[in-house]
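Today I am opening my notebook on charged side chains. Come along as I look up which ones pair, and where.

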Amino acid sequence: MLRIFFSSEDIARTRVAPGADEVWELVLSLHLLQGRSRDPMMAGWRRGVSGGLRRDTVPGQLRLLLALNPPRGYFPDFLTPYHSMYGLAAGLDAVRSTPVAALERDLNVLAGESPLPLPSSASAMARGDVDVLEHLTDSMRVYQATAIEPYWDRIQAAVEADRLRRARALLDGGTEGLLASLRPAMRWESGLLEVPDYPADRELHLDGRGLLLVPSFFCARIPVTLLDPELPPVLVYPVDRLGGLTPAPGEGGGPELAIGRKDTRNALAALIGRTRARVLEVVGDGCSTGEVARRLHISAAAASQHTTVLRNAGLLVSHRDRNTVLHSLTPLGRTILTS
């Protein structure tokens, strides 16, 4: 079990990352790609990425990156720097700027836990070899272009749907309400956040630094934190994957119809009905069944019926929080609404 201890100052400084973190998603997806997960929602992604890497990468180009990210167990803290919350470029710059002491420490831990010997380039990197670090971040970009970029809109949509849930919990119950909303993966009570089923017994004392919560598409069932307690505290946790991954629509090219937003919404209303089209618009920013009813001046029963139909059609996703059902758009629903 992982136990994270909060003071009142830590509670005040706890926040949710501003969006999906490309570096964390990149690294965690490597674990899924190499693992033995049978998750049917991710099977298509694994086939597509495996085929794309075989077709588009030079043999050995990703060897070091894959060796640093085994499917299970420890992976180096320096691969997911704090500055990755500001985007891929900022994250990769931070990886290249990792202090030699941190490189040596992380790679020694990995070498001690890995069942296979690390490539010789890892030893050079532990000494701060600039060329090896440059090669590593280049390989991260190559992998990102195949495994993450084509699916980025879907990943962002799933993370944003989770952020809407956390924002509602924060508005309703403050930071403690936010932390309590992380159940069942975590348990919050009186200054202590517990992560059951964590692969090791650990205690993390925040010591006034607060905690950055990072919602992640590729995080597995168990949340992830960094090994080094001196680094800024981060807890990465899984989000609802909203049906898995497919490439963003229109990526294969082809003509697009030049129609206006008003024409599109009129067509949407004709397809699913004007009231349900308005429900999609209302749900765009996330809301409860009761709020749908109030905003559209319809009964709660009618709002529930409409959201059920839209959920069954794959256009929105619903999460129950105690006596409230919160709705947000799926990637398909958002694409239909904003196209």
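Entry one. I counted the salt bridges in this predicted model and came to eleven. As a reminder to myself, side chains of opposite charge can pair when their charged atoms come close.

Entry two. I looked up Glu194 and found its side chain in a salt bridge with Arg3, at 3.9 Å from N to O. Where do Glu194 and Arg3 lie? Glu194 is in strand S4 (residues 192-195) and Arg3 is in strand S1 (residues 2-5), so this pair ties together parts that are 191 residues apart in sequence. I then checked accessibility: Glu194 counts as buried at 17%, while Arg3 is partly exposed at 28%.

Entry three. I moved on to helix H9 (residues 152-180), where Glu160 and Arg163 sit three residues apart, about one helical turn. The two form a salt bridge, with their closest N and O atoms 3.3 Å apart. Glu160 is partly exposed, with a relative accessible area of 33%, and Arg163 is partly exposed too, at 23%.

Next I looked at Glu291, which forms a salt bridge with Arg168; here the closest N and O atoms are 3.0 Å apart. Glu291 belongs to helix H12 (residues 289-296) and Arg168 to helix H9, so parts that are 123 residues apart in sequence are tied together. Are Glu291 and Arg168 buried or exposed? I found both of them buried.

I went back to Arg3 and Glu194 to look for shared partners. Salt bridges join these two and Arg187 into one network.

Key: Residues numbered from 1 in each chain as written. Predicted model: local features only at pLDDT ≥ 70, side-chain atom pairs only at ≥ 80, totals over all residues. Heavy atoms only, no water. Salt bridge = Lys/Arg side-chain N within 4 Å of Asp/Glu carboxyl O. Helix = DSSP H or I, 4+ residues; strand = E, 2+ residues; numbered from the N terminus. Buried < 20%, exposed > 50% of the residue type's maximum accessible area, 1.4 Å probe, protein only.
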